There are 4 protein chains.
Amino acid sequence: MKVDDPAARAREAVRALYDDDPASQALGIEVIEVVPGRVTATMRVRPDMSNGHGMCHGGFVFALADSTFAFACNSRGEPMVAAGASIEYLAPARVGELLVATTTEISRVGRQGVYDVAVTDQAGKVIAVFRGRCARLRAQDPNEFKTGGSP
Amino acid sequence: MKVDDPAARAREAVRALYDDDPASQALGIEVIEVVPGRVTATMRVRPDMSNGHGMCHGGFVFALADSTFAFACNSRGEPMVAAGASIEYLAPARVGELLVATTTEISRVGRQGVYDVAVTDQAGKVIAVFRGRCARLRAQDPNEFKTGGSP
Amino acid sequence: MKVDDPAARAREAVRALYDDDPASQALGIEVIEVVPGRVTATMRVRPDMSNGHGMCHGGFVFALADSTFAFACNSRGEPMVAAGASIEYLAPARVGELLVATTTEISRVGRQGVYDVAVTDQAGKVIAVFRGRCARLRAQDPNEFKTGGSP
Amino acid sequence: MKVDDPAARAREAVRALYDDDPASQALGIEVIEVVPGRVTATMRVRPDMSNGHGMCHGGFVFALADSTFAFACNSRGEPMVAAGASIEYLAPARVGELLVATTTEISRVGRQGVYDVAVTDQAGKVIAVFRGRCARLRAQDPNEFKTGGSP
């Protein structure tokens, strides 16, 4: 790996984030592709993610999208935290299904970023669309919201 | 319990939904108050919900809000499914913290509903605000999106 | 025009909507392309749309996106009303600029639709992204929300 | 007016913003109450704001909410710009109706703020709910998005 290879640095940044993220690991999320600003990840719908009709609880569809978004917005090396997100549920996902989340970097200007995530099933059908907003952390502002550090 | 007691019917509707919802149970969500259109529920942040800095992964904050919203919008007896939602992350939540989600019914007209959820820590500090949108299911429309049934 | 030509019917549906829409006309919105499910429209930023720094007020960027969304979701011939929307402001737009709004049909299932709108300046720079949600009107439900009729 | 009177300073900040805002003036928006972090404003629905059925075009309901939000988030004296917003349309508003927008400051931490706006008709019926997100401007970051300055 060349130190100035953006793709290798993006993979390293996402790997470090994932290795330090028990939640994404416990959800069974797997990162399958990383380029700067764009990540693809998968999650298989388990019975304990079901809302009782054999369908995936919306919170877990969201969690897959949110993790993939976090990986994508941190793939450029600058630490970003999620500020908020919206999701539209378009179709149900069944237990056993392998969900695939792919990101698109809509905007990254100054200290703000906007990313879209599409969650599909294995057949490519879109289950949900997600739009996440992130902000860059600054060390120097003691009042600033930090998700990743101690107070 | 009188059969025409709306509060008792709301509690029954939410209990039935919860009993049939492995995801909410596996998340450790507990419903602590139900009145028609309004539910309060809690969830303790476990280590496997952490993003690696001892802070709750946003997806699990969302999942608590989403479950509480689903209970609230179904507490009036008519089956509703979530159509979408947005969340704003306002402060981090630490592992071990007991999160409390409370709902407000913003609108319920015809086949559509809008509900707000606030997620606080035990000290009452707001961790996140969530706004959910739901739609009533119709049996007669075969093309309609169903989260809760087989195809 | 063949009566079964979907493109011609889409243009007719949008023309009828536009002709009956004083707001879009007063805003100077022009529809420049219509295919079923997809519309492109423009609006020039006037001084009375400015927030005082020579920049377009966000409400007018939103109004262009909202009109274009309404045209797109009604281009398939079934009457739809906007249920809600979100917008992310990515860059300012100057007075005198010609804004261009283009739509993408994300989902249209049963009685619900989701559409994305990108608003760009003439150089193609993205000014804002918008996501709109619409619902089909039903004549038979007297409680249903109607934007287009008397009570 | 005492220079350290927060209410007087809030009114001054909003007055300065309004006086320099041709769009809000052209829309007929009137600011009727200001306290720090909270603003109430009105707008009468004119025929040229109608979508052709005698109902207010959603873009103008949004514009009233967006202006009122901008006044509220700037009422504390620090310049903030809107980063994005969402709106849910709950009921139609008729031409001639006087709409009233009231704000609630949900969160203001560091460089970010979240504000809710409710738009009602004169009878107090809620027409729409709006949630806006703002960010503080920094002079020192040349890449940062500025809505209010020249390039």
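**Where the chains meet**

Trainee: What is the bridge partner of Ser86(A) in strand 3 of chain B?

Mentor: Ser86(A) has Ser86(B) as its bridge partner there. Before we go on: this is a predicted model, where local features need pLDDT of at least 70 and side-chain atom pairs count only at pLDDT 80 or more, while totals for chains, interfaces and linings use all residues. Residues are numbered from 1 along each chain as its sequence is written, and chains are lettered from A and ligands numbered from 1 in the order in which they are written.

Trainee: And what counts as a strand here?

Mentor: Helices (H or I, at least four residues) and strands (E, at least two) are DSSP runs, numbered from the N terminus. Two strands pair if DSSP finds at least two bridges between them.

Trainee: How many bridges join strand 3 of chain A to strand 3 of chain B?

Mentor: There are 5 bridges between strand 3 of chain A and strand 3 (residues 80-89) of chain B, and the two run antiparallel. Glu88(A), for one, has Gly84(B) as its bridge partner in strand 3 of chain B.

Trainee: How many residues of chain A are in contact with chain B?

Mentor: Contact needs C-beta atoms, placed from the backbone, within 7 Å of each other. On that basis 36 residues of chain A are in contact with 36 residues of chain B. Helix 2 (22-26), helix 3 (58-73) and strand 3 (80-89) of chain A each supply at least two residues of the side of chain A that touches chain B. Strand 3 of chain A gives the largest share of that side, 8 residues.

Trainee: What classes of residue are on the side of chain A that touches chain B?

Mentor: That side has 17 nonpolar, 13 polar and 6 charged residues. Ala, Val, Leu, Ile, Met, Phe, Trp, Tyr, Cys and Pro count as nonpolar, Asp, Glu, Lys and Arg as charged, and the others, Gly among them, as polar.

Trainee: Why do the copies C and D meet through the same surface?

Mentor: Because 100% of the interface residues of chain C are also interface residues in chain D.

Trainee: What about helix 3 of chain D, is it buried or exposed?

Mentor: Of its 16 residues, 16 are buried, so helix 3 of chain D is largely enclosed by the rest of the structure. A residue is buried if 20 or more other C-beta atoms lie within 10 Å of its own, exposed if 12 or fewer, and partly exposed in between, with C-beta atoms placed from the backbone. From first C-alpha to last, helix 3 of chain D reaches 22 Å, close to the 22 Å expected at 1.5 Å a residue. That expected span is 1.5 Å times one less than the number of residues.

Trainee: Last one. Where is Pro36(C)?

Mentor: Pro36(C) is in the loop between strand 1 (30-35) and strand 2 (38-44) of chain C. Pro36(C) counts as partly exposed, because it has 16 C-beta neighbours inside 10 Å. Leaving out residues up to four places away in sequence, Pro36(C) touches Pro6(C), Ala7(C), Ala10(C), Ser75(C) and Arg76(C).

Trainee: How far apart are Pro36(C) and Cys73(C) in space?

Mentor: They are 8.7 Å apart, C-alpha to C-alpha, and 37 residues apart in sequence.

Terms used
Contact = placed C-beta atoms within 7 Å.
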